[in-house]
Amino acid sequence: MRMFVLPCLAVCVALAHCGGAVEDKKAEGDGKTVEKRGLHLGDYHHYQPHHEHIKTVTIEKKIPVPYTVTKHVPYTVEKKIPYEVKVDVPQPYIVEKKVPVHVKEYVKVPVHVPKPYEVIKKIPYEVKVPVDKPYEVKVPVPQPYEVIKKIPYEVKVPVPQPYEVIKKVPHEVKVEVPVPKPYEVIKKVPYEVKYEVEKPYDVEVPKPYDVEVEKPYTVVVEKKVPYEVKVPVDKPYKVEVEKPYPVHVKVPVPQPYTVEKKVPYTVEKPVPYEVKVPIEKPIPVYTEVKVPIHKEIPVPEKYHVEVPIFKHHHEDHHDYHSHGHGHY
């Protein structure tokens, strides 16, 4: 670019210089003619003052000045792109957890035990107390015996007719809420963002590689917390509320009719109660006491018994078959 600009500037400067020289020569020629004309007129006419007209020529010279030129230079931009790395994890995954275990260690300590060792054992035994004979105890009971029992009875409470019932009925109350119009609504709209990548490049990933797993490790558990969401309503709307309305019931002419009414009544039920009788002397109480009894049980004992063995010769066996074997 600079090699092209410098020759062009040199040519422009040369052309400007040549144009300035030509104009200077023309100016000089004009001056000479003016002077001659003035001399010629002076010969035939009397002298008159003459004002010279000076012509100014401006020459513009272009001087090369350095300036900055922006040039687009492509360069590589490294961008980190996440990618999935698959790690082989055995299933089921073994998790080692250290659990403290209490181990009892028995230490032998010498304890002095006297010999012979004395053992005290309590054995219950029967104690017989002589009593002459059972005797009769009389308890004075008044006749007739007074029993106090609470009987419920009806208590009439006067109630005014008609009976006034105060009931709270909810009703609609209109409250004006100032709402700006137009109502501003901010909504997030997702849009696609494209990243310019010159070309795909290879990424060297060593496979397989060791992955360190800390044991134990923290696990982040997201807990959902409910919260109130307020929905704005433009204006209040009417809600229909059922109000109590009068119902006319036709009452026929009063006639005698049977009315069944449950009337509570008392039912006497015998209730057993405890009567305490004072006793002057203690009464012997007989209880069964288990006493151990030694019993001899025969135990079978094993002992060795010799059994005779009979040996048969060959001749005797042959005579046995030859003489009447099988006759009875």
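Guide: Let us begin with a term: buried means under 20% relative accessible area, exposed over 50%, and partly exposed in between, with a 1.4 Å probe and protein chains only. This is a predicted model, in which local features need pLDDT of at least 70 and side-chain atom pairs count only at pLDDT 80 or more, while totals for chains, interfaces and linings use all residues. Residues are numbered from 1 along each chain as its sequence is written, and side-chain values use heavy atoms, with hydrogens and water left out.

Visitor: What share of the 328 residues in the chain is buried?
Guide: The cut-off for buried is the one just given, under 20% relative accessible area. Among the 328 residues of the chain, the buried share is 0%.

Visitor: How many helices and strands does the chain have?
Guide: Helices (H or I, at least four residues) and strands (E, at least two) are DSSP runs, numbered from the N terminus. Counted this way, the secondary structure comes to 2 helices and 0 strands.

Visitor: What is the mean pLDDT of the chain?
Guide: pLDDT is the predictor's confidence in each residue, on a scale from 0 to 100. In this chain, 80% of the residues reach 70 or more, and the mean is 78.

Visitor: Over which residues does pLDDT stay under 50, with 1 contact beyond four places in sequence?
Guide: Contact means heavy atoms within 4.5 Å. One such stretch, with 1 contact beyond four places in sequence, is residues 27-46. Below 50 as well, and with 1 contact beyond near neighbours in sequence, is the stretch of residues 324-328.

Visitor: Which residues does K215 contact, leaving aside its neighbours within four places in sequence?
Guide: K215 sits in the loop between α1 (2-44) and α2 (314-322). It counts as partly exposed because its relative accessibility is 48%. K215 and V95 are 120 residues apart in sequence, yet their C-alpha atoms are 8.2 Å apart in space. Beyond those near neighbours, K215 is in contact with Y93 and I94.

Visitor: And which residues does Y209 touch, not counting those up to four places away in sequence?
Guide: Y209 also lies in the loop between α1 and α2, and its 39% relative accessibility is why it counts as partly exposed. From Y209 to V87 the separation is 122 residues in sequence and 8.8 Å from C-alpha to C-alpha. Leaving out residues up to four places away, Y209 touches V85 and V87.

Visitor: How many aromatic pairs are there?
Guide: Rings of Phe, Tyr and Trp (its six-membered ring) pair if their centres lie within 6.5 Å; planes under 30 degrees apart count as stacked, over 60 as edge-to-face and the rest as tilted. By this rule, the count is 1.

Visitor: What is the angle between the planes of Y145 and Y273?
Guide: Y145 and Y273 are 128 residues apart, both in the loop between α1 and α2. Y145 is partly exposed because its relative accessible area is 45%, whereas Y273, at 55%, is exposed. Their rings are stacked, 6.3 Å centre to centre, and the angle between the planes is 5°.

Visitor: Is the peptide bond from Q91 to P92 cis or trans?
Guide: P92 is found in the loop between α1 and α2. With omega near -5°, the bond from Q91 to P92 is cis.
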